[in-house]
Structure formats: structure tokens, C-alpha cells
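Me: I would like to learn how to read contacts, cores and helices in a model. Please take one feature at a time.

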Amino acid sequence: MYPPGPGMYHNYPPPMLVNCSGCRIPLQLPHGARSIRCAICQAVTNIADPRSVPSSSQSPAPSTHTPPPPSSPSPYNNAPPGAPPHAHGRKRAVICGISYRYSRHELKGCINDAKCMRYFLINKFKFPEASILMLTEEETDPYRLPTKQNMRMALYWLVQGCQPGDSLMFHYSGHGSQQRNYNGDEVDGYDETLCPLDFETQGMIVDDEINATIVRPLPRGVKLHAIIDACHSGTILDLPFLCRMNRAGQYVWEDHRPASGLWKGTSGGEVISFSGCDDHQTSADTSALSKITSTGAMTFCFIQAIERGHGATYGSILNAMRNAIRSVGDGASDLGGGVVTSLITMLLTGGSVGLGGGLRQEPQLTANEPFDVYTKPFSL
């Protein structure tokens, strides 16, 4: 899923931090914004508010790319009332589905993907509803629309104040693209990008920024999974290692660390990403898998792999996803049963005509460090 033509290279300005006027959590202020709403307590903070803007005598706000100190409070200290987090740690997710409706880039399955993933996380992996931040065009809150600034804020919220034992998830379904890399940190010479709802006017979100926001600051004991259903998404988190797997399931880890020595890993945490295809491939938006409604091929196959009992290890999930995508068009794909079936039946049913002949995409696995994909247990 990608819009026609790669965009121009965009430099993003250094972020500014302000303290929320309600819960005092540090918030990343979008460039040029006059106010900001907290995703935790919903309070609106104005830039002119003396409680939130540092005075000229105060030192400048630290970069958001610096990992928070161990003593920094968790955003969950100010979460909505409800059952306390499970003893093994807190769970938090950002889910972004963009259909680009009424534009020439329109996609049919991305909001379905977001709804499926939310339902799946809540019912299969017990993510609290209050800890899932949804960004889609169906949201009525303007701060929950998947614009570039809202997506940046959501990614910062995902990792801010995280503590050892936390499990984080970032799911994106929408357009992805590439643009020429100018700093020499890409093996293929191109940066991978995500396309927010307003990318044609505000620009795309580059993999360098995603890495700096949610990968590099991640402290020891925190786990982050990313599920990226977009074109050119193989290395969208700029993680140092890519699992190159053949059709027989044999694999080697490719080293994608920049020759410059620029650090693309974490601050001790663990990051593992499933993406819809390799950097040079495109991802399908299709009804050929569900037979009911349009979905992203990768999102559907990820959920289906776990529902059908292939979720024991990262290798078993990756193999099941690839086999399901290869089987499209040969009549072997069916819905099976479980949580995902009941959800898809609930969703909109006016999908596009199913495709035949298979899909030309291969889901990819990247990580901040190599591991044995067939023995490491998968868990969210």
C-alpha cells in the first residue's frame, strides 16, 4: 500500500517538551502548535500557561530522544480509574489505521485492520481498553485523527515513562513509501516512510524519526512489538538486524547497522517488528483472504497465524504468515475460527472483489538483536 511517487526529504525540527497542566506528564509539543491535549488525562495545555512553559531562566527542555530516568513517573499513575495493571507489567498500544478516504490514495481495509487489532489485543492478550490509543479517520476527537503531529504525539506517548515489565505495541496500517537517504545510514540508499493522513501537505514520517522516538529510548526490561502493514516496510523501524528467511524456513540474520557507527538499537529494551513486506516490495489491501471484507494482507495473516495455533515462536508466526499469503488464489485460504472470525463477521461487509494468483509480498522480521526465531517464545 503506497501512494504514487516518493516524497521529498524532510528534516523534522527538534521537539519541545511541556508539562501537562493536569497530570504533569511531559508532552512533546508539535512544531508550531499553540496548545496540546494530554492522551492520559485529556487536559488541554496552552503554550502560554506559566505552569507548563519553562521560563527564560530555566534550562532548555531535554530532548525526547533521551531515555527517561528510572525515577520518572509512569503515565499509568494518572490513567483512568479501573482495575490495576496485571502483576507482570503494564500493557500499552498505539493502533493507527488510515484509509485516506475521498482521495486518490484511498485504501479500503486499513480501518478494518485497526478495529481487528484492537479487538485482538483486548480479547487475546488482555490489553486494557483504556491503554489503547486509536488513530483513525472515524475518531471524533481531532487529536485522535492520524495526522502527522498526532502520530508523532502517539508514538511519544507509547514509550514515555515506561517501566521494566511493560509490554508496548505499535500497529500501523496505511500507505508506506521510500525517499532518498542522504546521511548514509541505509544499506539500500533509501529511507522507509509512513504516510500520515496529511502527508501531502505535512510530509511523511521517516524511519530515522521512528527509531529515535520509540526504539533508542527503550530502557531495559521493556518490550516493544511493531506490526507494520504498509509498502516498503521491511526496515521501517531502522532496527539493526533483519531475519532473512527462505521458503524452506531457513534463515540468517542480516546486519543492517550503519557503516557510520550510528546507534540504531535500544537503551537496553527489546524491540521486534513484523512488517508486511521487504523494503522493495508492496503490500496488498485485499478481500482475497477474509472473503468478507477488505483487510491488509499482513494484518489478517498475523492475527490468523496466532488464532490457528502458530503463535508459539516468532519463526512459526512468520512462516504461517508467509504461507497464508502465498496460498491466496489457490483456494486454500479460509477463515477458520476463533476471536478473529467473530470480529470480521461484525465488520463492514462491502469489500472489493477478491484477487487471484497470489500476492507478491513477503512479511519480514527485524529486531534490535539476533535470536533463535524457533525457540524464542512469542508473547505480548
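Me: Leaving aside its neighbours within four places in sequence, which residues is Leu365 in contact with?

Reply: This is a predicted model. Beyond four places in sequence, Leu365 is in contact with Phe241, Leu242, Cys243, Trp253, Ile272, Ser273, Phe274, Tyr314, Leu318, Phe371 and Val373.

Me: Which residues of the largest nonpolar core touch the most other members?

Reply: A core is read through its members and the elements that supply them. Here the largest nonpolar core has 40 residues, and Leu121, Phe274, Phe302, Leu365 and Phe378 touch the most other members. At least two residues come from each of β5 (91-97), α1 (110-124), β6 (132-135), β12 (241-245), β14, α5 (297-307), α6 (314-327) and β17 (364-367). Another core, of 36 residues, lies apart from it; Cys96, Phe170, Ile210 and Val271 are among its members.

Me: How many residues of α2 are buried?

Reply: Buried means under 20% relative accessible area. In α2, 11 of the 12 residues are buried, so the helix is mostly covered. Among them are Lys148, Arg152 and Trp157.

Me: Is Lys264 buried or exposed?

Reply: With a relative accessible area of 4%, Lys264 is buried. Lys264 sits in the loop between β13 (251-255) and β14 (270-275), and its side chain makes a polar contact with the side chain of Asp208 (3.1 Å).

Technical notes: Residues are numbered from 1 along each chain as its sequence is written. This is a predicted model: local features need pLDDT of at least 70, side-chain atom pairs count only at pLDDT 80 or more; totals for chains, interfaces and linings use all residues. Side-chain values use heavy atoms; hydrogens and water are left out. Helices (H or I, at least four residues) and strands (E, at least two) are DSSP runs, numbered from the N terminus. Buried means under 20% relative accessible area, exposed over 50%, partly exposed in between (1.4 Å probe, protein chains only). A polar contact is a pair of N or O atoms within 3.5 Å; within protein, one must be able to donate a hydrogen and the other to accept it, and residues adjacent in sequence count only if both atoms are side-chain atoms. A nonpolar core is a set of buried Ala, Val, Leu, Ile, Met, Phe, Trp, Tyr and Cys residues joined through side-chain atoms within 4.5 Å. Contact means heavy atoms within 4.5 Å.
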